[in-house]
Amino acid sequence: MTVSINLPDIRSRAAAAFVGLAVGDSLGAPVEFMTTGEIAAKYGILNEIVGGGWLRLKPGQVTDDTEMSLCAARAIASAGGWSLAGIAGEFAAWLRSKPIDVGDTCRRGIRNFMLKGMLETPFNQWDGGNGAAMRMLPTALFTLGDDALLERCAVEQARLTHNHPLSDAACITLGRLVHLSLRGASKPRLRREADQLIAAYPTFAFDPYRGLATGYVVDTMQTVFHHFFRGRSFEECLTGTVNQGGDADTTGAICGMLAGAFYGMESIPRRWLKRMDRRVVAETSHLSTQLVALSPALCGRDGIL
């Protein structure tokens with residue numbers, strides 16, 4: 001079925017998703033590895049971009065969540081289409097640059113590519129982390145309008161570093177949620193998509209919410225779902241998520257991409273945007289437009305999907 005869409009609105013929401021990812025990363029990073037009690041004792045409620053934390057970040061500085069997403073986006077834009085080898089190459093260059101933070105599973109997968117040319121890391125039952133999900137946005141933007149392409153590309157990019165069925169499923173669902181949000185779907189419609197994930201993998205069930213926000217992809221997705229579906233604004237979704245602590249830069253980044261796509265650029269607090277690295281905001285906005293333009297389902301369609 002052919003559905004009319006508003007391309008300018010999609011481009012704006014895509015930019016909000018990528019900027020929102022960076023904002024959530026920067027907001028949450030200072031309280032990474034802290035408990036809810038520790039956050040409450042230090043900040044009351046963390047609702048400002050303050051910097052600091054165990055990485056001693058500057059206010060507005062981002063971490064590997066945003067940096068790896070930028071790597072994937074640059075590779076797709078540079079190739080003019082999907083390039084798994086290009087994404088792997090960008091990850092390798094990024095790792096050589098000695099980033100401020102990199103997860104162990106991501107490091108191992110990237111080194112497998114650097115040393116052995118591997119584009120799919122071997123299955124490991126312990127690789128159910130959130131490192132593939134956190135960088136899903138560029139893949140989602142590029143595959144807009146084509147669910148089969150989304151499934152293939154989501155799993156390919158994931159398995160560069162994380163080869164695990166729960167990681168695969170989370171990545172695909174995040175892509176679908178972004179697609180729905182970009183087209184203006186309601187939260188009940190998005191909730192049905194999350195429920196489909198839970199039907200296939202009951203471990204992702206988040207009601208009642210257990211309060212865990214670790215780097216395990218199940219805990220990450222439960223936290224994001226809990227606060228995204230309860231929240232009534234971009235700020236409420238993000239503040240609730242990062243104040244959960246744990247892997248707060250990643251839960252913040254993932255919630256930021258969803259809330260940005262859902263609520264739009266106007267919903268991102270200006271006081272947060274003013275604290276962000278201007279180069280990051282500019283590049284995420286620019287690349288989001290390029291990725292949407294490269295989407296095979298949108299190319300030459302003039303608002304028809």
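This is a predicted model: local features need pLDDT of at least 70, side-chain atom pairs count only at pLDDT 80 or more; totals for chains, interfaces and linings use all residues.
Residues are numbered from 1 along each chain as its sequence is written, and side-chain values use heavy atoms, with hydrogens and water left out.

**Exercise 1. Work out how the rings of F228 and F262 are arranged, and what surrounds them.**

Step 1. Rings of Phe, Tyr and Trp (its six-membered ring) pair if their centres lie within 6.5 Å; planes under 30 degrees apart are stacked, over 60 edge-to-face, and the rest tilted. Searching the whole structure gives ten aromatic pairs.

Step 2. The centres of the F228 and F262 rings are 5.8 Å apart and their planes stand at 85°, so this pair is edge-to-face.

Step 3. Now place the two residues on helices (DSSP runs of H or I, at least four residues, numbered from the N terminus). F228 belongs to α10 (residues 217–230) and F262 to α12 (residues 248–263), so the pair ties together parts that are 34 residues apart in sequence.

Step 4. Look around the pair. Ring pairs join F206, F225, F228, F229, F262 and Y263 into a cluster. K187 lies over the face of F228, 4.3 Å from the ring centre, and also over the face of F262, at 5.4 Å. Here a charge sits over a ring if NZ of Lys or CZ of Arg is within 6 Å of the ring centre and within 35 degrees of the ring normal.

**Exercise 2. Is S181 buried or exposed, and which residues does it touch?**

Step 1. Find S181 in helix α8 (residues 165–182).

Step 2. Buried means under 20% relative accessible area, exposed over 50%, and partly exposed in between (1.4 Å probe, protein chains only). S181 has a relative accessible area of 0%, so this residue is buried.

Step 3. Contact means heavy atoms within 4.5 Å. Leaving aside neighbours within four places in sequence, S181 is in contact with R13, L190, L258, A261 and F262.

Step 4. Compare sequence with space: S181 and Y263 are 82 residues apart in sequence, yet 8.3 Å apart in space, C-alpha to C-alpha.

**Exercise 3. Decide how enclosed helix α11 is.**

Step 1. Take the buried residues of α11: F234, C237, L238, T239, G240, T241 and V242.

Step 2. Seven of the nine residues of α11 (residues 234–242) are buried, so the helix is largely enclosed by the rest of the structure.

Step 3. Find the packing partners of these buried residues: α1 (7–28), α2 (36–43), α9 (187–200), α10, α12 and α13 (270–275).

**Exercise 4. Describe the lining of the largest cavity.**

Step 1. On a 1 Å grid over the protein atoms alone, a cavity is a set of points where a 1.4 Å probe fits but cannot get out; lining residues have an atom within 4 Å of a point. One cavity of 30 Å³ or more is found in the whole structure.

Step 2. List the lining: A88, F91, G109, I110, F113, M118 and L160. Helix α5 gives the most, with three residues.

Step 3. Sort the lining residues: six are nonpolar, one is polar and none is charged. In this sorting, Ala, Val, Leu, Ile, Met, Phe, Trp, Tyr, Cys and Pro count as nonpolar, Asp, Glu, Lys and Arg as charged, and the others, Gly among them, as polar.

Terms used: On a 1 Å grid over the protein atoms alone, a cavity is a set of points where a 1.4 Å probe fits but cannot get out, and a pocket is an open set with protein on both sides within 12 Å along at least five of seven lines; lining residues have an atom within 4 Å of a point. Grid points are joined across faces, edges and corners, and a volume is the space filled by probe spheres set on the points.
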